[in-house]
Amino acid sequence: MGGVIRRNWWLIPACLGLWSSGSDAVAQEVASITAATPVSTINASDTVWVLLATALVMLMTPGLAFFYGGLVRKKNILSILMQCFTVMCLISVQWVLVGYSLSFGPDLGGITGSLDWLGLKGVGMAPSSYAPTVPHQAFVLFQMMFAVITPGLIIGAFAERMKFAAFCLFSLLWATFVYDPVAHWIWGNGGFLGVLGGKGAVDFAGGMVVHINAGMAALAAAVFLGRRQGYPHAISPPHNLPFAALGASLLWFGWFGFNAGSALAANSVAVSAFMATHVAGAVAGITWIVLDWIKFGKPTILGMITGAVAGLAAVTPASGFVSISGAVWIAVGAGIICWIAVTFTKARFKYDDSLDAFGVHGIGGIWGSIAVGIWATKAVNPAGVDGLIYGNPAQLLIQLKAVAVTMVYSFVMSLLLFKFVDMVAGLRVSEHEERIGLDLTQHRESGYTVID
Amino acid sequence: MKYVIAVIQPDRLDEVLRRLTEKAIHLVTVSNVVGRGRQRGIAEVYRSHKEAGSLLKKVKLEIAVNNAFVKPAVDAIMEGARTGQVGDGKIFVLELPECIRISTGETGDGAIG
């Protein structure tokens, strides 16, 4: 996203330059206006697109709720819906109060944003440098939805066994101490990994910030919490695959806002990201069912939607930087690598990443964030970067380093936060509660009645 | 009085009900059940995780009949549910010591039907 911002900055002096070549009087007038009041650069089309994209990304969290909710057992459906809605409410408030300032506020040593924008102090309608053609608060809202869904993704790893209170505390701490700093490193002005004064790692819409970040936290959750009782043999199959397919559809739909919206303008980069996103979802879905078909003799709907989500996750960091063929290769890679992770790696190491948050989002995010260093091309986005096959192997190295930093930080910090929450609140429900299900024991509700 | 329990393939239910009606047998309770028999279940696969020997969906009918209606009931089920394939299901016929109609308090043969 950073690249687009810079590109639009170039346009402003260019426009002023055109005017001044016409007549000195006009030039002077423009100059005096510029000096007296900040030029209002708000573009209506861009603003509409960013607001629309914000609403699309918002829909992804309830979409995720149904995607995950369909995959758990009947007795835990409400706990998943509840957790997803809880991150939406909780992190929205956290974002306004402190999260946005920590992520995008004035830089402190490349590590974090300061607290200058606490409670959105001074963050109003005048555009920011992040998105120079839309009101600053539109950018805040758009980014809010990313901050919301990222801890939501982790739910897939600790599904069916985490205490609700512990979940709330963990999500709040994780957003503040993991999501916000990592977002700053990569997207914030002065962040030490990104393109706005950092090492130059690119992440168009959140391969590292969202998917690796959540995926590594998911792995930490699976390791720290341990397996569900009876895993893997005595765990019933997904209770409602139609819900999962509905959820995946909503995710896909929202992903257009996620990726194409990250252009932060209604421009050709947005269109290119939209195209890359859709193609990647389609190709990875096909890739996954082909593998299912070969290995198990039948293509599965769960495989199709899982593959599509893996492809969408993998193309996220690359969507505004790669051509259609780049997106295809990233999606084929995502389908194969994530399928192997879910099929063999999880079985081999016997961790219970219950709904494959690490296997799909973590692995997909890692692959995509590396792959952008291979297939990125300035032909698609002049403000972006060239990757390995376009003659810039250095970018691949930069991506690898940034991926490693994000992976280590998220995994270690998540483990520490799980440890802390376990000490103060207890992380896991009792064996008895786990057997009865979280819906009844955590929320005193049932998703389905048996009779009437 | 006898109590007839039949476990059949779900897609044969309509045909069985039609034939029961033809033989003037109206009292029937139907439920969705899962189970297994000689055919065993079809192994399901979820994200490459194989579920060994899953149970198959069946429909269970329970019919209380007076002795004269035992054979017609069994015949109706046989005709309606039979495809000749493994998995067609089973019929169990049990003794039924008592039957009471809740609305009127009638008991025995008169309460059935």
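Reader: Thank you. How many helices and strands are there in chain B?
Author: In this predicted model, chain B contains 2 helices and 6 strands.
Reader: In what pattern do they follow one another along the sequence of chain B?
Author: Along the sequence, the elements of chain B come as β-α-β-β-β-β-α-β.
Reader: Which strands form the open sheet, and in what order?
Author: The open sheet of chain B has 4 strands, placed in the order β2-β5-β1-β6, and their pairing is antiparallel. From one strand to the next, the twist averages 20°.
Reader: Why is one side of β2 and of β6 in chain B left without a neighbour in the sheet?
Author: Strands β2 (29-35) and β6 (89-95) of chain B stand at the edges and have a single partner strand each, so one side of each has no neighbour in the sheet.
Reader: What about the partners of β5(B)? How many bridges join β1(B) to β5(B)?
Author: There are 7 bridges between β1(B) and β5(B), which run antiparallel. Strand β5 (residues 56-65) of chain B also pairs with β2(B) in the antiparallel sense, over 7 bridges.
Reader: Which residue of β5(B) stands opposite T29(B)?
Author: That residue is E62(B). For G35(B), the bridge partner in β5(B) is L56(B).
Reader: Back to the sheet as a whole. Which strands does helix α2 of chain B touch?
Author: Helix α2 (residues 70-81) of chain B packs on the sheet and touches β1 (2-8), β5 and β6 of that chain. The direction of α2 makes about 5° with that of β1(B).
Reader: And the overall dimensions: what does the C-alpha trace of chain B span?
Author: Along its principal axes, the trace of chain B spans about 55 × 30 × 20 Å. The radius of gyration of chain B is 17 Å, whereas a compact globule of 113 residues would have one near 13 Å.
Reader: Let us turn to chain A. What is its mean pLDDT?
Author: Chain A has a mean pLDDT of 92, and 91% of its residues reach 70 or more. Over residues 1-37 of chain A, however, the pLDDT is below 50. Beyond near neighbours in sequence, this stretch has 40 contacts in the model.
Reader: Understood. At what angle do α9 and α11 of chain A cross?
Author: The axes of helix α9 (residues 268-296) and helix α11 (residues 324-349) of chain A cross at roughly 35° and come within 8 Å. The crossing of α9(A) past α11(A) is right-handed.
Reader: Which residues meet there?
Author: Those in α9(A) include M275(A), V279(A), V283(A) and W288(A), while α11(A) brings, among them, I324(A), V328(A), G335(A) and W339(A). By class, this contact has 17 nonpolar, 2 polar and no charged residues.
Reader: Finally, how many residues of chain A are in contact with chain B?
Author: In chain A, 11 residues are in contact with 7 residues of chain B. On the side of chain A that touches chain B, α10 (301-315) and α11 each supply at least two residues.

Notes: Residues are numbered from 1 along each chain as its sequence is written. Chains are lettered from A and ligands numbered from 1 in the order in which they are written. This is a predicted model: local features need pLDDT of at least 70, side-chain atom pairs count only at pLDDT 80 or more; totals for chains, interfaces and linings use all residues. Axes are lines fitted to C-alpha atoms, for helices over the stretch in contact, and angles run from 0 to 180 degrees between N-to-C directions. A crossing is left-handed if the near helix is turned anticlockwise from the far one by less than a right angle, and right-handed if clockwise. Two residues are in contact if their C-beta atoms, placed from the backbone, lie within 7 Å. Ala, Val, Leu, Ile, Met, Phe, Trp, Tyr, Cys and Pro count as nonpolar, Asp, Glu, Lys and Arg as charged, and the others, Gly among them, as polar. Two strands pair if DSSP finds at least two bridges between them. pLDDT is the predictor's confidence in each residue, from 0 to 100. The radius of gyration is taken over C-alpha atoms; the globule rule is 2.2 Å times the number of residues to the power 0.38.
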